[in-house]
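This report goes through selected features of one model. The sequence and structure come first.

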Amino acid sequence: MVERLLADFHLANSGGLDPDIVANAPLLENYSLAIGPSYALSGVVSGHPHLADGRHVVTSQVFYLDPERAVARTLSRWYRLGLPHGFQRN
């Protein structure tokens with residue numbers, strides 16, 4: 001898991017992040033930063049391989065967060081980021 005995480009950092013920082021990885025990642029809507037023993041994201045997930053759509057979740061530890069590119073990398077996977085908590089679509 002750590003080797004994959006490090007490889008993903010390298011790809012993201014070099015601009016070589018595979019668009020298919022992000023396109024197929026679960027979507028996290030109405031998200032916010034969750035602070036505990038480590039930083040995580042809290043929000044409503046869809047497209048997760050193990051969790052039901054519409055479920056409120058707290059992710060594993062966040063290692064990479066880029067709101068401008070609307071992506072985040074946690075210990076276990078990439079997430080696409082929808083709108084953060086407090087924002088609404090027009």
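Which residues make a nonpolar surface patch of about 430 Å²? Leu33, Ile35, Tyr39 and Leu65 make the patch.

## Basis of the model

The model is predicted, with local features needing pLDDT of at least 70 and side-chain atom pairs counting only at pLDDT 80 or more, while totals for chains, interfaces and linings use all residues. Residues are numbered from 1 along each chain as its sequence is written, and side-chain values use heavy atoms, with hydrogens and water left out.

## The nonpolar patch

Patches consist of residues with over 30% relative accessible area and no salt bridge, where like charges are joined within 9 Å and nonpolar side chains (Val, Leu, Ile, Met, Phe, Trp, Tyr) within 5 Å. A salt bridge is a side-chain nitrogen of Lys or Arg within 4 Å of a carboxyl oxygen of Asp or Glu. Areas come from the Shrake-Rupley method with a 1.4 Å probe, and for residues only the protein chains shown count as cover.

Tyr39, one of the patch residues, belongs to strand S2 (residues 39-46); strands are DSSP runs (E, at least two residues), numbered from the N terminus. Its relative accessible area of 47% makes Tyr39 partly exposed, a class between buried (under 20%) and exposed (over 50%), with a 1.4 Å probe and protein chains only.

Strand S4 (residues 62-66) runs antiparallel to S5, joined by four bridges; pairing requires at least two DSSP bridges between two strands. Val62 has Thr74 in S5 as its bridge partner. Four residues separate the strands in the S4-S5 hairpin, where Ala70 takes a positive phi near 60°.

S5 also pairs antiparallel with strand S6 (residues 78-81), over three bridges, and this hairpin has three residues between its strands. Ala72 is bridged to Tyr79 in S6. From S5 (residues 71-74), Val71 and Arg73 point one way and Ala72 and Thr74 the other, all of them buried.

## The aromatic pair

The whole structure holds one aromatic pair. The ring centres of Tyr64 and Trp78 are 5.7 Å apart and the planes stand at 75°, so the pair is edge-to-face. Rings of Phe, Tyr and Trp (its six-membered ring) pair with centres within 6.5 Å; planes under 30 degrees apart are stacked, over 60 edge-to-face, and the rest tilted.

Because Tyr64 lies in S4 and Trp78 in S6, the pair ties together parts 14 residues apart in sequence. Both Tyr64 and Trp78 are buried.
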